[in-house]
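Q: I am new to this structure and would like a close look at its pockets and at the ligand. Could you walk me through what lines them and what surrounds the ligand?

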Amino acid sequence: MIGIFGGTFDPVHIGHLRPALELFEILQLDELRLIPAGIPPHRRAPRASCAERLFMLRKAIAGQSGFVVDEREIERTGPSYMVDTLGELRAELGEQRPLCLLLGMDAFLGLSSWHRWQEIPRLAHLVVSHRPGWLPEHLDDHGGPLAELADSCLVADPRELTRKPAGLIFMQPVTQLDISSTRIRALIREGRNPRYLLPDEIWNYIQEQQLYR
Ligand code: ATP
């Protein structure tokens, strides 16, 4: 089973890395693909360049077996739609292989605004990790098609994900780290020290390259 973890990673921080590792172990994934968005469709352009974000992500996962960076969204022109990425991965990996799209609760609650979002559960399972400030109960506030999807496809045991290639939803509490790239960029801009919110080597690189000033 393969995990897919997309994001802007501007910059990558331990709120990405620790939950990713916990999910990798809990789901017993063969591989976790971290896929940085080239042009994120739903937000301002990233502050660091594609090459810088890619470099930081590679450095952050170096030596972690099973973790790989997948550059396809950065190489593709136009907005980085997850539905396109999953379609490509499905074509490459075959119809039967279970794929799990890993999403923080904030991303999951916004899913119904994603491009051709209804196709996403046909291409992959959704594995939703808890994130500080975003409660599963918020799903009811969002209501509509997403709540319906969660109602009908939710499974309690991650082993069920291995039995089908796509279409199920699994929610997993992970270590709660109230860290965001936005906050790290703001600290740097204010001349404050973001150390320990992200790996030291990433912070060193940010300083060398004078990013996020
Ligand atoms: P920004 O602050 O720039 O919006 P971010 O910190 O939210 O960035 P992204 O790269 O946009 O990070 O997030 C990619 C994925 O990682 C999303 O699915 C998001 O839910 C998840 N994620 C990010 N930070 C955390 C965190 N602290 N805990 C759990 N999940 C997280």
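A: Two nonpolar, one polar and six charged residues make up the lining of the second largest pocket. This is a predicted model, and every value here is computed from it. The residues lining that second largest pocket are D10, R43, R44, A45, P46, R47, T182, R185 and R189. The space inside the second largest pocket comes to about 180 Å³.

Now let us turn to the largest pocket, which holds about 1100 Å³ of space. Its lining is made of 47 residues, and the closest to its centre are G6, G7, T8, D106 and A107. Several elements give two or more residues to this lining: β1 (2-7), α1 (14-26), α4 (82-93), β4 (99-104), α5 (105-109) and α9 (181-189). The one that gives the most is α1, with five residues. By residue type, the lining of the largest pocket divides into 22 nonpolar, 19 polar and six charged residues.

And where does the ligand sit? The space it takes is the largest pocket. Around the ligand there are 20 residues, and R43, D106, L177, S181 and T182 are the closest of them. D106 is also among the residues closest to the centre of the largest pocket, while R43 and T182 also belong to the lining of the second largest pocket.

The shell around the ligand can be described by element too: at least two of its residues come from each of β1, α1, β4, α5 and α9. Sorted by type, the shell consists of six nonpolar, 10 polar and four charged residues.

Let us zoom in on some individual atoms. On the side-chain side, T182 places a polar atom 2.4 Å from an oxygen atom of the ligand. On the backbone side, an N or O atom of T8 lies 3.0 Å from a ligand oxygen atom, and a polar backbone atom of G15 is 3.4 Å from a ligand nitrogen atom. The ligand on its own has 600 Å² of accessible area, and the protein covers 90% of that.

Here is the picture to keep in mind as you turn the model.

Terms used. Residues numbered from 1 in each chain as written. Predicted model: local features only at pLDDT ≥ 70, side-chain atom pairs only at ≥ 80, totals over all residues. Heavy atoms only, no water. 1 Å grid on protein atoms, 1.4 Å probe; cavity = no way out; pocket = protein on both sides within 12 Å on 5 of 7 lines; lining within 4 Å. Points joined across faces, edges and corners; volume = space filled by probe spheres on them. Helix = DSSP H or I, 4+ residues; strand = E, 2+ residues; numbered from the N terminus. Nonpolar A, V, L, I, M, F, W, Y, C, P; charged D, E, K, R; others polar. Near = heavy atom within 4 Å. Polar contact = N/O pair within 3.5 Å; in protein donor to acceptor, adjacent residues only side chain to side chain. Areas by Shrake-Rupley, 256 points an atom, 1.4 Å probe, with all protein chains shown as cover. Sits in = over half its atoms within 2 Å of the grid points.
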